[in-house]
2 protein chains.
Amino acid sequence: MNEQESKFSRRDFFKGAVASGVAATTVGLMAACSPQAKGKGNDTPLSSTGDIAWDVETDVLVVGFGAAGASAAIEAKRGGAEVTIVETTEAGGGSTVLCGGFIYLGGTPLQEQLGVKDSVEETLKYMTAAAGPYANQEALKIYCENGPDTYQFCIDCGIKFGENLDLNHGVSGRAGIGLAYSGNELQAPYRDIAVPAPRGHSTGDACGKGIFEPMKKTVEAEGIQVVYGANAERLIRDETGRVIGAEVTCDGKQQYFRAAKAVILAGGGFTMNRDMIDANNRFTTPFGGPIGNPNELGTCIKMGQEVGADLFGMSQICYTCFIYGTDTSTAKAILVDKTGRRIISETSYGSWVGEALMANGPEAYLVFDSALKGSFDGSGDSPEFEAGAIAGATEFEAGTITELAEQLGIDPLSLENTVALYNTFAEQGEDGQFGKEPEYLAPIATPPFYARPYGSESAFYTSEGGLKTDVESHVISVSGDVIPGLYAAGRCSSLIYGHYMGSGTSIADCITFGRIAGQNAAAETA
Amino acid sequence: MNEQESKFSRRDFFKGAVASGVAATTVGLMAACSPQAKGKGNDTPLSSTGDIAWDVETDVLVVGFGAAGASAAIEAKRGGAEVTIVETTEAGGGSTVLCGGFIYLGGTPLQEQLGVKDSVEETLKYMTAAAGPYANQEALKIYCENGPDTYQFCIDCGIKFGENLDLNHGVSGRAGIGLAYSGNELQAPYRDIAVPAPRGHSTGDACGKGIFEPMKKTVEAEGIQVVYGANAERLIRDETGRVIGAEVTCDGKQQYFRAAKAVILAGGGFTMNRDMIDANNRFTTPFGGPIGNPNELGTCIKMGQEVGADLFGMSQICYTCFIYGTDTSTAKAILVDKTGRRIISETSYGSWVGEALMANGPEAYLVFDSALKGSFDGSGDSPEFEAGAIAGATEFEAGTITELAEQLGIDPLSLENTVALYNTFAEQGEDGQFGKEPEYLAPIATPPFYARPYGSESAFYTSEGGLKTDVESHVISVSGDVIPGLYAAGRCSSLIYGHYMGSGTSIADCITFGRIAGQNAAAETA
Ligand SMILES: Cc1cc2nc3c(=O)[nH]c(=O)nc-3n(C[C@H](O)[C@H](O)[C@H](O)COP(=O)(O)OP(=O)(O)OC[C@H]3O[C@@H](n4cnc5c(N)ncnc54)[C@H](O)[C@@H]3O)c2cc1C
Ligand SMILES: Cc1cc2nc3c(=O)[nH]c(=O)nc-3n(C[C@H](O)[C@H](O)[C@H](O)COP(=O)(O)OP(=O)(O)OC[C@H]3O[C@@H](n4cnc5c(N)ncnc54)[C@H](O)[C@@H]3O)c2cc1C
């Protein structure tokens, strides 16, 4: 580090012309420094070209085998590229195979077949309003316009949606469902902004398996190489900064995968990495457990950050909590916080309920009367994360609302006042505060009265943000440029969110932008 | 990039021993590649040692001359280092010189002098509860324990706090204030968690000038070099990954500043960079304008990211909105949202009000009766961001609450119900919902009734998150390691937040961890 070591003047150093002339001859030397830097806890990315003895060479390297990775791989292969997927587990599937089985699409043949009037335009109207003003409008448009084609892609993969229409509020896993309201379409103000339509295309009780297994079969049928037990750990760049491969640990052995065209990151979110959740969580309220697969550790996000990628929407952690289960009548209860006020329309989609709990928590209660008591016990056969807290919670019981309030530590005047107002709304058939659907309005009048704790700790979380990408699924650097040779899709990226709009929007986003990543990666020159 | 270029086997490439042997002779060559990479929009950090013709050489290079940079520079100098500050403007001061003049400390001689009973312990109790469970507990402890010493540092710099005690709610800029409640100390539940004490040490109407000018004088008196009109743009690292300097544009000319010991980033937040705000904002509600200086563009955060630094708390954007101005009686109004419910204790500190508006917005209204009408006009002499929206807003007027509700598009039953309940609380002298202080409870009973729009767009925002640092003010990489030679403090870093606890906590954090950065940087070996 002393002055005598200086061999080049600053002028040489910063002159591009000289620099590139020199670079070609020093490839090996540059690369040699990286492991040293790594040993010192430094994230200098590898810079290398032909000097690595590659273990595997392919055109397009896809990291992660869930919905996004599968969709990307299939399109890249169909685009003429040789494709290799590296997947850390022995079977793939990630959160995709665990999911509720909804894919959110509008203007599809299934909707037409089941007599649902819908269109790309109405879908876009709903999604735009529901996601909120800060979502990427261009990405939302592409998602919606591609909807019918995304549907066809699913059908071509062999995904089978149920052929029944459910006009109630949709929860995942209800046997036989084909098409359901899986978002907030029926709530104020959305029902006035877009014509409500069921857009949650469901694999019924097949859930995530009904999505992932057909995709996996398609990947195999296309002749795409899948390397299981292969954990990608680091991106490799050449001296121009282009991503040219990845360092992958295969059964404990460090291997080098060369991607002549591009690397596509599709390793899913960071739900299971509590440090990352805490670093990005906006709220100071406690919350429940994570919803995700054990490998949702954010490794692809970090790999991107280490090569200078920017992040987007990391704070958009989705907190979910449903007031209805398989039996939706539980939504006739009212949800009140510690001040005794109602905090939301109780039929709202879970991400809105979760948000309301986070903003008004930690304590909240579902309050109802004897007429509803039975319903709560019946909703336990929904997936745990949706109705577990309803079914399993302790119950408070009292002969009057005043006594109930005292048990809950809520000001009795306030709770009485809230119940009285709600009962008036029920009598007039119109919820003047939150516009809950009239069929869920029923007076809370017949003692005994009940309450179940339903505070912010009932809200389960999933990450949504990730690497900043553009609508071509390129990864964008901190300085705002495309990182050459690098794509990302699915939950390790972040494009359309915004508020989480409803069940099925994540998988549909994974497929839409995974496919775009695959198509663009295949079109790169090797 | 073809195979023939390969000069080193993979084994050579990844063997640390070989790597370091090679590195020493290839310094100039490595560095030569970086500008090329930059031209291609890639963020490969500069890697260099003695090959740069440095324009300026110093021990500790401080980027940014606000409270954090000044504190860091003073301590580094006192620790025996040669110190240079680069500051993009011609005078420095940043947001520090614009601020309200509060420094939040507990257990100080001024408190004792003015008869306030307080301690480090009670301060920590309040701050821990107010910041919420996800704040860095170790950092909070250090902040509080250092409080009396931070106070002494300020006094030694020549900062003069007013010597009057204000037992009302503190707003900045109120002439003559020395010590005020500048957070949520008097609110439920905090008043029961920690003995309330006024901890906002104020420079009175001198505001931020009263903080920054004495610091600047101290910097000059210590013989620290300040280069104005010098914008730092990029960190420079040597081949081991250690940060050794920065690329700085001085009056349009690119210059190279060498830091033999360390670089301390102290360039402030990202409040004025709307892209960064949108990428990190958690809410879908609209909000008001930024509160910051024009150079709060997040450049120091980006410089850190480009060398692999991790981020923390970027979503902790503080939305602020006060219901009281110079005249605090305006907090006797009630704040209701579009559902007609009250949403918070109206005497709450502005960051809680802002948060409630963001969670319940966009629309909300201050509702009051003829008894309060005059107060609103009188609060206009507070700084604009605190009371502007109260003073300037359109006013709705009606003979009954029902009519007022109709004008506002609120369900009349709901608003009547809310006002009736509030009036009962006022009569009994206890706010059963939000625990507002009794002296601010007054029935809303004498027509005409009024409402002023006070929705989420009344909330102004400041960034809080930034580079991830440890309690030694080291910058931490994405892989969790200290980045050698790099420190950060103030709003380009993120340590104690959490919910914004009250006026004065930002400057106190800047001083506390700025000083620690300076002390540690001075102790590095050159
Ligand atoms: C219980 C549950 C119900 C849900 N219901 C729905 C629903 O009905 N509809 C909907 O749209 N969304 C739903 N979601 C969300 C949705 O499932 C996920 O957002 C989506 O599946 C993410 O897909 P992905 O391809 O990005 O990642 P994943 O499906 O998680 O796939 C990522 C894969 O990458 C692998 N991997 C990770 N890191 C590495 C690495 N470094 N190297 C190699 N491999 C790696 C993982 O093992 C994994 O197989 C649900 C989620 C859960 C958990
Ligand atoms: C109106 C207002 C009132 C406030 N009231 C209070 C209060 O009463 N108490 C409180 O604690 N907090 C208050 N705050 C917040 C507080 O002022 C800031 O959080 C704090 O001053 C930040 O200090 P800092 O040293 O991190 O950054 P700053 O004070 O903003 O200083 C950063 C400096 O770095 C310079 N800079 C930026 N980038 C570069 C670069 N690349 N190269 C060279 N120079 C660069 C800037 O020009 C600036 O001079 C208030 C803020 C505002 C705007």
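First, the ground rules. The model is predicted, with local features needing pLDDT of at least 70 and side-chain atom pairs counting only at pLDDT 80 or more, while totals for chains, interfaces and linings use all residues. Residues are numbered from 1 along each chain as its sequence is written, chains are lettered from A and ligands numbered from 1 in the order in which they are written, and side-chain values use heavy atoms, with hydrogens and water left out.

Let me start with ligand 1. How many residues surround ligand 1? There are 39, and the closest are E87(A), T96(A), F102(A), S506(A) and I507(A). A residue is near a molecule here if one of its heavy atoms lies within 4 Å of it. When I mention helices and strands, I mean DSSP runs, numbered from the N terminus: helices are H or I with at least four residues, strands are E with at least two. In chain A, α4 (67-78), β3 (83-87), β9 (230-237) and α18 (505-523) each supply at least two residues of this shell. Which element gives the most? That is α18(A), with 4 residues.

By class, the shell around ligand 1 has 16 nonpolar, 21 polar and 2 charged residues. Nonpolar covers Ala, Val, Leu, Ile, Met, Phe, Trp, Tyr, Cys and Pro; charged covers Asp, Glu, Lys and Arg; the others, Gly among them, count as polar.

Now the polar contacts, which for a ligand are pairs of N or O atoms within 3.5 Å. A backbone N or O atom of I507(A) is 2.7 Å from an oxygen atom of ligand 1. S95(A) also uses a backbone N or O atom, at 2.9 Å from a ligand oxygen. From N231(A), a polar side-chain atom lies 3.4 Å from a nitrogen atom of ligand 1. Taken alone, ligand 1 exposes 1,000 Å², and the protein buries 94% of that. Accessible areas come from the Shrake-Rupley method with a 1.4 Å probe; for residues, only the protein chains shown count as cover.

Next, ligand 2, which sits among residues of chain B. Its shell has 39 residues, the closest being E87(B), T96(B), F102(B), S506(B) and I507(B). Here α18(B) gives the most, with 4 residues. A polar side-chain atom of T96(B) is 2.5 Å from an oxygen atom of ligand 2. A polar backbone atom of G101(B) lies 3.3 Å from a ligand oxygen, and one of A232(B) lies 2.9 Å from a ligand nitrogen. On its own, ligand 2 has 1,000 Å² of accessible area, of which the protein covers 94%.

Strands of a sheet pair through backbone hydrogen bonds, either parallel or antiparallel.

Now the aromatic rings. Rings of Phe, Tyr and Trp (its six-membered ring) pair if their centres lie within 6.5 Å; planes under 30 degrees apart are stacked, over 60 edge-to-face, and the rest tilted. The count is 33 aromatic pairs over all chains. One of them is F283(A) with F283(B), edge-to-face, at 6.3 Å centre to centre and 85 degrees between the planes. This pair crosses between chains, and each residue lies in the loop between α11 (274-280) and α12 (299-306) of its chain.

F287(B) and Y319(B) form a tilted pair, at 5.4 Å and 55 degrees. They are 32 residues apart, with F287(B) in the loop between α11 and α12 and Y319(B) in strand β13 (residues 318-320) of chain B.

Last, the backbone. A cis peptide bond joins G361(A) and P362(A), with omega about 5 degrees. Another joins A188(B) and P189(B), with omega about 0 degrees. S473(A) is not a glycine, yet has a positive phi of about 65 degrees. Is S473(A) buried or exposed? It is buried, at 1% relative accessibility.

Definitions and conventions. Buried means under 20% relative accessible area, exposed over 50%, partly exposed in between (1.4 Å probe, protein chains only). A polar contact is a pair of N or O atoms within 3.5 Å; within protein, one must be able to donate a hydrogen and the other to accept it, and residues adjacent in sequence count only if both atoms are side-chain atoms.
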